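Visitor: I am new to this structure. Please take one part and look at it closely. Then show me what surrounds it.

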Amino acid sequence: MNRRDGKGHGRDNLPDLSLEHDGDMGELLEGLKALATGFFTTLRHLFRKPITEEYPEYKRALPARSRARIILTRDPDGDERCVACYLCSAACPVSCISMQSAEREDGRRYARWFRINFARCIYCGLCEEACPTLAIQLTPDFEHCERDILTLVAEKKDLLVNHGGKNSEYNFYRYAGVAMVGGKGTHIKEERPVNLKSNMP
Amino acid sequence: MTPWVLGFIVLLVKLLLVLVGLLLTAAYLVLVERKFLARLQIRYGPNRAGRYGLLQPFADTIKMLTKEDVVPEAADRVIFLLAPAVVAAEALLIFAVVPFGRDTMIFGMKVPMVIADLNIGLLYVFALSSLGVYGVALGGWSSNSKYSLLGGIRGAAQMISYELALGLSLVPIVMQARSFSLVDIVRAQTHYPFILVQPISFVIFFISAVAETKRIPFDLPEAENELGAGYHTEYSGMRFGLFFLGEYVNLIVLGGLIAVFFLGGWRGPWLPPVVWFLVKVFVVALVMIWIRGTLPRLRYDQLMHLGWKVLVPVALLNIVLTGAILLS
């Protein structure tokens with residue numbers, strides 16, 4: 001209590017209402033001016049159009065790299081990109097991805113079934129990062145809530161789409177995983193071999 | 001039928017009308033506050049339940065009524081259950097002495113537009129508004145939770161610091177009206193509203209009224225970002241609803257009191273008296289919402305400082321001044 005007595009309370013004063021400091025009219029005026037400014041600001045806001053974006057009527061276009069519903073994409077030839085390597089499943093921190101691998105007659109692997117439990121998924125995007133073939137991708141489409149949690153389990157037919165997603169040109173088997181055909185330097189993005197003997201400084 | 005029975009029936013009808021009116025107004029005041037506050041903050045506010053959110057109060061009520069009524073295990077059960085009723089009842093009871101219209105003749109009988117014209121109406125108002133803090137303090141204490149207790153204590157301490165100024169600010173009004181009856185106070189403002197001659201009283205009463213309703217900048221008892229929700233942290237369902245209701249009925253009642261004491265009550269040109277009264281209450285409520293949308297919460301010692309060192313001395317000075325002018 002003693003601490004508050006005397007003149008030691010100047011800092012704790014309300015600048016706007018400290019009428020007892022008759023000498024401090026400047027302080028009082030300053031406080032009143034500050035109050036008026038505040039009230040004027042809010043009053044002005046009253047006549048502004050609200051900046052709210054009303055969601056179901058107005059949907060803001062999300063960035064292409066927003067992470068929401070997961071899809072399985074196809075390469076430019078129309079084949080499934082997924083080669084059922086299980087890397088996404090291993091990378092998934094909540095273990096929401098499961099699949100069974102199989103092999104096509106031409107030796108290319110694919111997923112016999114592929115299942116993502118969106119009720120567990122945390123949309124971290126690690127599966128997408130782990131995928132060597134750019135098969136699994138996250139899309140900006142986030143509107144898929146359900147009343148029954150079991151309906152959130154997505155099968156391969158729900159996940160598979162008919163386009164290439166973010167990188168529609170990419171085709172894993174053009175780059176890797178196939179026997180070399182044309183000899184050194186003919187592969188995509190591969191430079192001609194350097195002639196060691198003519199490469200003197 | 002004896003006049004006594006007739007008068008009793010009229011009283012019951014008035015009670016019913018006022019009660020329903022108060023509750024409905026309180027419910028819609030919540031909507032008005034949310035909409036108005038939203039616009040002050042460049043938002044829309046509730047606009048989903050019905051057109052312009054007009055059904056929102058009903059949605060809120062249904063939600064409150066159907067929610068589980070939780071009583072904490074360590075709570076003092078009886079007091080915990082009763083505390084919200086104190087707050088709500090106190091707010092509703094104050095309105096009994098507030099005149100909301102001119103005396104009217106119905107079937108040749110004079111019907112005063114007030115539930116009870118007490119000759120000590122003003123003291124009744126103070127008595128009840130001080131009682132209201134019991135609901136807050138006891139509700140906070142009986143919850144047996146730290147936040148609630150702090151909120152309750154703050155409520156009690158806050159009451160001590162503004163109630164005095166609240167009372168003292170009205171002494172000049174009583175001196176001028178020469179009556180404690182609210183009906184007489186309105187009658188005394190036939191020629192001019194008291195705000196013109198008692199602006200200092202008005203400011204003090206208004207500030208104290210904001211503190212009385214526990215609204216920003218004096219919402220220390222429920223300071224949500226310090227104390228969770230303060231004294232009603234542990235309340236849920238309709239018991240929380242009663243606190244909420246009490247708060248908004250209190251807002252209406254204090255709007256009504258400000259109208260009665262300073263703005264000439266139901267007096268006004270052209271419009272019917274009841275409409276004038278409602279308009280005044282509504283304007284006071286809007287200003288309070290505007291204050292809520294603008295000012296930050298005061299710190300605890302600032303409130304004490306304001307109450308004891310500014311409002312009370314100024315109110316006392318005002319009394320002396322008014323007395324001197326009235327006598328001269």
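**A helix pair in chain B**

Guide: Buried residues make up 15% of the 201 residues in chain A. Keep in mind that this is a predicted model. The close look goes to chain B. Take helix H4 (residues 121-142) and helix H5 (residues 146-177) of chain B. Their axes come within 8 Å and cross at roughly 170°. An angle over 145 degrees counts as roughly antiparallel. H4(B) and H5(B) are therefore roughly antiparallel to each other. Which residues make the contact? On H4(B) they include B:Leu122, B:Phe126, B:Val133, B:Val136 and B:Trp141. B:Gly139 and B:Gly140 of H4(B) take part too. H5(B) answers with residues including B:Leu149, B:Ile153, B:Met159, B:Leu170 and B:Val174. Glycines of H5(B) also join, among them B:Gly151, B:Gly152, B:Gly155 and B:Gly167. By class, the contact of H4(B) with H5(B) has 12 nonpolar, eight polar and one charged residues. B:Glu163 of H5(B) is part of this contact, and Glu counts as charged.

Now step out to where the chains meet. Chain B gives 17 residues to the contact, and chain A gives 15. On the side of chain B, helices H1 (3-40), H10 (273-294) and H11 (300-327) each give two or more residues. H11(B) supplies the largest share, seven residues. The side of chain B that touches chain A divides into eight nonpolar, five polar and four charged residues.

Chain A itself has five helices and five strands. Along the sequence they follow the pattern α-β-α-β-β-α-β-β-α-α. Of the contacts in chain A with a separation of 6 or more, 67% join residues 24 or more positions apart.

Technical notes. Residues numbered from 1 in each chain as written. Chains lettered and ligands numbered in written order. Predicted model: local features only at pLDDT ≥ 70, side-chain atom pairs only at ≥ 80, totals over all residues. Helix = DSSP H or I, 4+ residues; strand = E, 2+ residues; numbered from the N terminus. Buried ≥ 20, exposed ≤ 12 C-beta atoms within 10 Å, placed from the backbone. Contact = placed C-beta atoms within 7 Å. Axes fitted to C-alpha atoms, helices over the stretch in contact; angles between N-to-C directions. Parallel < 35°, antiparallel > 145°, perpendicular 65-115°, else oblique.
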